[in-house]
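Work through the exercises below with the sequence and the model at hand. Each task is followed by a solution in steps.

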Protein chains: 2
Amino acid sequence: MKLHQVTIKDIAKILGISISTVSRALKSHPDISIETRNQVKELAKKLNYEPNALAMNLRRNKTNTLGVIIPEIVHHFFSSVISGIEDIAYDRGYNVMVCQSNELYDREVINAQALLANRVDGVLISVSKTTFEFDHFRHFANQGIPMVFFDRICPDVISDRVITNDEGGAFLATEHLISIGCKKIAHFSAPQNLMIGQGRLAGYQRALKQYQFEFDPSLVLQCDTRELAIEKTERFMNDNPDVDGVFAANDSTAIAAMQIIQKMGKNVPDNVSLVGFGDGPNALIAWPPLTTVEQKGYEMGAEAIKLLIHKIENDTPTDSYQTKVLTPSLIIRESTK
Amino acid sequence: MKLHQVTIKDIAKILGISISTVSRALKSHPDISIETRNQVKELAKKLNYEPNALAMNLRRNKTNTLGVIIPEIVHHFFSSVISGIEDIAYDRGYNVMVCQSNELYDREVINAQALLANRVDGVLISVSKTTFEFDHFRHFANQGIPMVFFDRICPDVISDRVITNDEGGAFLATEHLISIGCKKIAHFSAPQNLMIGQGRLAGYQRALKQYQFEFDPSLVLQCDTRELAIEKTERFMNDNPDVDGVFAANDSTAIAAMQIIQKMGKNVPDNVSLVGFGDGPNALIAWPPLTTVEQKGYEMGAEAIKLLIHKIENDTPTDSYQTKVLTPSLIIRESTK
DNA sequence: ATGAAAGCGCTAACAG
DNA sequence: CTGTTAGCGCTTTCAT
């Protein structure tokens with residue numbers, strides 16, 4: 001059972017002074033005599049007094065708590081982002097409530113509600129794959145609670161944003177495949193309702209165009225998880241036997257595809273070259289090590305929360321929003337040649 | 001700027017009724033007439049009324065929020081645990097505040113304080129590698145806030161616990177190496193101040209003993225991260241050239257060691273067999289796929305939070321604690337033969 | 001230098 | 001069926 005927690009009232013009673021004096025003494029208000037202050041502080045420590053943040057927050061109408069809505073924590077990219085968020089939050093004295101949507105719209109809505117009810121000072125959001133409706137996010141704006149979208153942003157909701165230049169990264173990846181001599185390059189793509197899906201496809205297309213490759217829609221396979229890759233790669237490669245380059249929308253997909261392709265008896269990179277996107281630790285563990293587009297999750301989280309805290313602490317005009325774009329770079333390893 | 005949030009007071013004023021009526025109407029209290037109830041609910045929806053959890057929590061002295069203190073989110077094991085925690089929390093109507101200690105004692109202390117101040121209803125803890133002092137955890141007990149330790153438990157603090165049978169898992173791993181004919185088996189160990197470090201070493205030793213292998217302390221290398229493995233493996237293998245089996249305290253270490261050993265020109269598993277611990281996704285991506293001890297992070301998180309919620313919701317006697325032990329199993333892949 | 005009192009938003013005992 | 005009131009723990013005017 002939750003025991004009675006010591007309050008300033010208790011301290012006041014014991015010391016025979018008023019609660020306002022205790023309150024002031026605890027925060028070293030200059031009005032309070034040094035003796036009283038010390039008395040109060042000593043007793044507080046002795047009684048294991050812990051300020052009640054709920055009461056403070058209610059009074060101040062500020063919680064020093066930030067909400068995060070994220071699709072799935074178990075992806076290295078997202079957990080890096082959270083790590084970045086956490087570290088900065090910690091430095092700046094904020095707490096973080098992390099909610100995962102599990103890529104489910106309904107759950108995202110409930111998450112948003114919970115954060116709203118808890119009066120978080122701001123929210124960081126990466127949109128679920130199954131979200132096509134955005135009113136639950138607009139509620140934050142309605143209440144004047146700043147939002148920053150990161151990675152999976154929401155084109156329909158104006159707000160601050162932190163994104164990777166997905167188009168540019170995809171261009172780099174595809175250009176690299178072209179430059180090493182691939183003739184028929186496939187793209188394993190992320191869902192097109194996500195901006196990242198669109199961007200990565202667009203970069204792929206721009207590179208093809210720039211180097212006078214014809215864009216063949218049948219070479220774009222909607223496939224962005226390890227499971228899907230395991231399911232779809234063999235058939236795809238059989239249908240398109242002369243594909244000699246694959247750019248996948250993320251590392252897990254690239255690696256799983258690579259494993260299937262190898263199992264089919266083809267050599268990577270001699271017969272097929274593969275490029276991923278993300279540069280998680282898997283890229284180094286796969287054999288051969290994966291050429292990939294570096295995507296800095298930790299930094300994305302750090303940037304996003306900095307933007308958010310700035311918004312919270314400085315009353316910037318409500319109509320000024322920034323988008324921070326992180327520039328990815330290509331890391332060439334042995335899965336391409 | 002945080003805008004004025006609608007309160008029941010606002011609704012009461014507009015409708016010309018008392019705030020208690022509004023409060024009751026909103027929670028469909030039977031006393032209230034259906035018309036008033038509907039009126040209130042409609043207006044509430046129209047005004048985007050969101051209940052203020054702070055006020056409720058202050059009143060009820062219950063926050064429906066659980067705290068988690070975890071070393072590092074970016075490890076697959078821990079993020080799986082969080083995922084399990086989150087899912088159950090969501091089902092049961094709890095919110096979760098996740099704090100990472102980054103393996104730093106100081107930060108763990110601050111995390112604990114923040115959770116205490118926020119009056120969480122309970123906490124889930126996995127201890128940092130650098131923590132040798134546990135008073136910050138005892139504060140929770142002092143305030144009657146239930147704790148559940150998981151994985152990296154704290155022998156000095158009595159409480160509920162969820163652990164993997166590390167000793168048993170390590171035994172299995174080592175026994176397997178013995179059974180396939182390894183003659184000189186090394187252990188790459190986790191820090192011995194952690195129970196998991198002790199347990200895994202103990203299991204290794206028990207297997208050696210049971211099969212009449214002599215325990216050679218110089219075959220135990222304190223090495224439990226990819227970085228350390230990259231740094232130490234080559235030298236260790238040169239010092240102990242006839243080591244033909246390695247049991248590492250986690251997968252990343254096993255895989256990094258494997259890569260170094262391969263780079264040294266030895267074949268895995270023909271010359272050296274390796275077993276990891278954890279069964280993260282890396283185990284499947286490594287080449288050859290890693291034999292490892294399966295450790296169910298998601299389930300550990302789920303079990304831990306169930307235990308915690310049970311404790312919170314049922315006033316069990318303060319002096320009854322359980323320890324839940326998850327039994328790991330060995331998954332044999334191609335890194336051992 | 002200290003205290004009294006109001007109020008943050010909500011609930012619940014008590015009264016009608 | 002509805003309203004009045006007190007109070008959760010804290011801060012902050014306004015007095016003194």
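The model is predicted: local features need pLDDT of at least 70, side-chain atom pairs count only at pLDDT 80 or more, and totals for chains, interfaces and linings use all residues. Residues are numbered from 1 along each chain as its sequence is written, while chains are lettered from A and ligands numbered from 1 in the order in which they are written.

**Exercise 1.** Describe the side of chain B that touches chain A.

Step 1. Contacts join 46 residues of chain B to 45 residues of chain A.
Step 2. Elements giving two or more residues to this side of chain B include helix H5 (76-92), strand E2 (95-100) and helix H6 (105-117). Helices (H or I, at least four residues) and strands (E, at least two) are DSSP runs, numbered from the N terminus.
Step 3. H5(B) gives the most, with seven residues.

**Exercise 2.** Determine the strand order of the six-stranded open sheet in chain B, and locate its edges.

Step 1. The order is E7-E6-E8-E9-E10-E12, with mixed pairing. Two strands pair if DSSP finds at least two bridges between them.
Step 2. E7 (220-222) and E12 (329-331) of chain B each have a single partner strand, so one side of each lacks a neighbour in the sheet.
Step 3. From one strand to the next the twist averages 20°.
Step 4. Strand E10 (residues 291-294) of chain B pairs with E12(B) in the antiparallel sense over three bridges. In this pair B:Thr292 stands opposite B:Ile331.

**Exercise 3.** Which residues come nearest to DNA strand D?

Step 1. Around DNA strand D there are 23 residues, counted as near if the C-beta atom, placed from the backbone, lies within 6 Å of it.
Step 2. The nearest are A:Thr7, A:Ser20, A:Ala55, B:Thr21 and B:Asp31.

Notes:
Axes fitted to C-alpha atoms, helices over the stretch in contact; angles between N-to-C directions. Contact = placed C-beta atoms within 7 Å.
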